[in-house]
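Please read each point beside the coordinates.

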Amino acid sequence: NHIKLPAGKIALDEWFSLRPILPWPEVLMDDFVMRTEIPHPDDPKFVAIVTLGVLPKHEEETTTYLLDIDTRAKVDPGAAGDVWGVLNDLRELKNDMFFGTLTEKTIGRLRS
């Protein structure tokens, strides 16, 4: 998912709830990639893998950020039982993590 934000120095905490924490409130991030694995708090067999980074090509007015959410379940294939239920749980985790990673400001920008 490519997210276009204003070019130049921005405060990442205004746009993303999950982000690198820097010692300066606003900074021009020309190049970064952050990847983290987050287990579901209620069921750690479900894991979200979140990748956030800035793409190297910048347009004059915008900078494009990449937000990628992958999910996986640590289950024994023979004991998985309801495969469709597991897939639905993974989809729900992915959606929760995607929208939980963005601030209302970012969601509003994407909707416009």
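**Notes on the model**

1. Thr62 is placed in strand E4, where helices (H or I, at least four residues) and strands (E, at least two) are DSSP runs numbered from the N terminus. This is a predicted model, in which local features need pLDDT of at least 70 and side-chain atom pairs count only at pLDDT 80 or more, while totals for chains, interfaces and linings use all residues. Residues are numbered from 1 along each chain as its sequence is written, and side-chain values use heavy atoms, with hydrogens and water left out.

2. Is Thr62 buried or exposed? Thr62 counts as buried because its relative accessibility is 11%, given that buried means under 20% relative accessible area, exposed over 50% and partly exposed in between (1.4 Å probe, protein chains only). Leaving aside residues up to four places away in sequence, Thr62 touches Lys4, Leu5, Pro6, Ala7 and Arg109, a contact being heavy atoms within 4.5 Å.

3. Glu60 belongs to the loop between E3 and E4 and, with a relative accessible area of 74%, is exposed. Its C-alpha atom is separated by 6.8 Å from that of Ala7, although the two residues are 53 apart along the chain.

4. On the overall fold, the protein chain has 3 helices and 4 strands, which follow the pattern β-α-β-β-β-α-α when read along the sequence. The C-alpha atoms fill a box of roughly 50 × 30 × 25 Å, taken along the principal axes. Among contacts between residues at least 6 apart in sequence, 53% join residues at least 24 apart. Of the 112 residues in the protein chain, 33% are buried. The accessible surface comes to about 7200 Å², with 54% of it belonging to carbon and sulfur atoms; such areas come from the Shrake-Rupley method with a 1.4 Å probe, and for residues only the protein chains shown count as cover.

5. In soluble globular proteins, nonpolar side chains tend to be buried together. As for Phe16, and again not counting residues up to four places away in sequence, its contacts are Ile3, Leu5, Leu52, Tyr65, Thr101, Leu102, Thr103 and Thr106.

6. Helix H2 has 19 residues and reaches 27 Å from its first C-alpha to its last, close to the 27 Å expected at 1.5 Å a residue, the expected span being 1.5 Å times one less than the number of residues. Its buried residues are Gly85, Val86, Leu90, Leu93, Met97, Phe98 and Thr101. Trp84 also has its place in H2 (residues 83–101), but Trp84 is exposed, with a relative accessible area of 65%. Together with Val83 and Leu87, Trp84 forms a nonpolar surface patch of about 340 Å² of accessible area; patches are made of residues with over 30% relative accessible area and no salt bridge, like charges being joined within 9 Å and nonpolar side chains (Val, Leu, Ile, Met, Phe, Trp, Tyr) within 5 Å.

7. How many salt bridges does a search of the whole structure find? The search finds 4, a salt bridge being a side-chain nitrogen of Lys or Arg within 4 Å of a carboxyl oxygen of Asp or Glu. One of them joins the side chains of Lys105 and Glu14 (2.6 Å, N to O). This pair links distant parts of the chain, with Lys105 in helix H3 (residues 104–111) and Glu14 in helix H1, 91 residues apart. Lys105 is partly exposed at a relative accessible area of 42%, and Glu14 is partly exposed at 36%.

8. Lys45 forms a salt bridge with Asp43, the closest N and O atoms being 3.5 Å apart. Salt bridges that share partners also join Arg35, Glu37 and Arg72 into one network. Within this group, the side chains of Glu37 and Arg35 meet at 3.1 Å, N to O; Glu37 is partly exposed, with a relative accessible area of 36%, whereas Arg35 is exposed, at 53%.
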